[in-house]
Amino acid sequence: MATPMVRAEAVHKNFGRNEVLRGIDIEVAPREVMCIIGPSGSGKSTFLRCINHLEKIDAGRLWVDGELVGYREHGGRLHELPDREVCHKRSEIGMVFQGFNLFPHMTALENVIEAPIKVKKEAAAVATERGRALLDRVGLGDRLDAHPRQLSGGQQQRVAIARALAMQPKLMLFDEPTSALDPELVGDVLNVMRDLAHEGMTMIVVTHEMGFAREVGDSLVFMDSGVIVEAGNPRDVIGNPQEQRTKDFLSKVL
Amino acid sequence: MTEFSADPPVPPGSTRVRPEAIRAVPLRHPWRWVSAVLVLIVLGAVVDTFATSSLHWSVVGQYIFDARILQAAVVTLYLTAIAMVVGVGLGILLAVMRLSPNRVMAWVSWLYIWFFRGTPVLVQIFFWWNINTILPYLSIGIPFTHVMVQASTNTLITPLLAAILGLGLNEAAYMAEIVRAGIISVDQGQTEAAHALGMRRSLVMRRIVLPQAMRVIVPPTGNETISMLKTTSLASIATVHELFFVQQDISNFNYRIIELVIVASVWYLAMSSVLTVFQYYIERHFARGSVRGLPPTPIQRLRRMLFQFHAAPPFGSAAEPGVEPWLPPTMPHSGM
Ligand SMILES: Nc1ncnc2c1ncn2[C@@H]1O[C@H](COP(=O)(O)OP(=O)(O)OP(=O)(O)O)[C@@H](O)[C@H]1O
Ligand SMILES: [Mg+2]
């Protein structure tokens, strides 16, 4: 079997005395699309942030593409990775946020080519070429020079996806990418994500879009107060939930 | 003036005839007239007082373009510029140190700000100017060895350098606080997104956080610069030949004290006015991206006014080159 793209083993995370993740076990295969659902405050965002080491985990083990996140195991002990290596690993994982977080002082194209040029040290011409192609692909080929505030939410989120893709990541993390959007703008963003999934991108998507989870997701995880309550095939989990907590949650969102 | 770049769609059944323009009786503003009269009376009194005093405006006119005064004005500007460069550069460094996860750095920065903000700038200039009395020689070397470079403090610390040290190091303490406020004002999500792209801390600061912090940093920095322009007069204590020192030098001979103070004031005012204009344009530059469309500059407004005056533009074609079009809040989204 191929190395899983993401593997979590009893991942724990606490903020002070607040235990946010209380033993998460997960395996995401390459090319798999995993959707995560769960009530507010259940730790979904925190778990995504642990995967690219924006947060340190307190117990358990977490691997991305076969390598420990944030540490190196040596002589039976864990050693913290230097900043440079943590940044390098993050550069191979794309992340899309609920609030877009585009850089407002840069145009759409500048947002997309900033990291390839400054982090990957790509030639400006090469990065620009790919940046244009990516923006074109997400349907914004005519808004290259627009500043984020001149774009609608849906357009901003598509620029944010292009910005993450420009680093040619092996894994994409989406944290409620459509939750801040007006309903009529959600479709454009989901379409881009659906295309990406069909091209074989490995994706972990925190979402409340049950239609997307059912149609595009290969697996679905329901999280509540820091634990995985139920996981499996999206159709099974949504259509025939086994746990009471899952049933309660689904009855509210469906 | 209201302009429409495109005619709104006309609902069926409505006519396109524009109703008659509104002609209302304007509201009266009696207090505006009363205040204007009061201001005129006060102004008259002030002018009268000066006219009947023994102030010699001819002396002011005689010295305003005096070569010594002009040169002193240049020194004042020069000193302002260098002190601000030192202040801003060191201020950014101190602000970043203050916010660094490295406790030692944060503490050093705190201590610096505490000390330099807590003592008068005049005292600091005076200190640097007289440092030779306690340290006749300055040397840089490797500790516990005999390898070193030595120089006489007296020749090293010129009046100008004493003033730059005093003004610049003091300014850095204030700038550090201004820059820190700017950095804190940038949304946490920006740093997070940048880190998620694999950017290192220094790169995030340089490319993402500081450019956005500028919008908060620039206005108070403009104030600091204008304030610095006037504070340079304190450099006279270190015998720097700036505006205040030179005008005093001249009046020590001809006893035209007030006339020369007026000469200096006119120059201070002129220079701070120019700085105010610069400030306006720099602030406008850094507002990019934070407002949808920038307001027109005074010159653009003037041009537009003249343009309007000569020939009313045809309806719908008033968009002017150089002015960013204002964009409606939601753009019609392009199809996928
Ligand atoms: N930086 C932080 N410091 C302290 N507590 C935090 C921090 N980030 C998150 N938490 C806490 O962790 C818990 C889980 O937060 P998280 O954002 O992961 O939830 P979520 O499942 O993403 O919820 P939502 O659907 O509202 O986004 C919450 O109780 C939150 O208050
Ligand atoms: Mg969340």
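Between chain A and chain B the count is three salt bridges, a salt bridge being a side-chain nitrogen of Lys or Arg within 4 Å of a carboxyl oxygen of Asp or Glu. This is a predicted model, in which local features need pLDDT of at least 70 and side-chain atom pairs count only at pLDDT 80 or more, while totals for chains, interfaces and linings use all residues. Residues are numbered from 1 along each chain as its sequence is written, chains are lettered from A and ligands numbered from 1 in the order in which they are written, and side-chain values use heavy atoms, with hydrogens and water left out.

One salt bridge joins A:Glu114 to B:Arg207, with the closest N and O atoms 2.7 Å apart. The elements of chain A that give two or more residues to the side touching chain B are helix H2 (83–90), strand S8 (93–96), helix H3 (108–118), helix H5 (153–165) and helix H6 (183–198), where helices (H or I, at least four residues) and strands (E, at least two) are DSSP runs numbered from the N terminus. H6(A) gives the most to this side, with five residues.

In total, 40 residues of chain A are in contact with 28 residues of chain B, contact meaning heavy atoms within 4.5 Å. The area buried between the two chains is about 3,000 Å², of which carbon and sulfur atoms give 57%; buried area is the accessible area (1.4 Å probe) that two parts lose on being put together, summed over both. In chain A, the residues that lose the most area to chain B are A:His105, A:Arg149 and A:Gln150, together 20% of what that side buries.

Turning to the ligand, the residues that surround ligand 1 include A:Phe15, A:Pro39, A:Lys44 and A:Glu176, a residue being near a molecule if one of its heavy atoms lies within 4 Å of it. Oxygen atoms of ligand 1 lie 2.6 Å from a polar side-chain atom of A:Ser45 and 2.5 Å from a polar side-chain atom of A:Thr46. The largest share of the shell around ligand 1, three residues, comes from H1(A).

Within chain A, the side chains of A:Asp65 and A:Lys170 meet in a salt bridge (3.0 Å, N to O). A:Asp65 lies in the loop between strand S4 (59–64) and strand S5 (67–68), and A:Lys170 in the loop between H5 and strand S9 (171–175), so the pair ties together parts that are 105 residues apart in sequence.

Terms used:
Polar contact = N/O pair within 3.5 Å; in protein donor to acceptor, adjacent residues only side chain to side chain.
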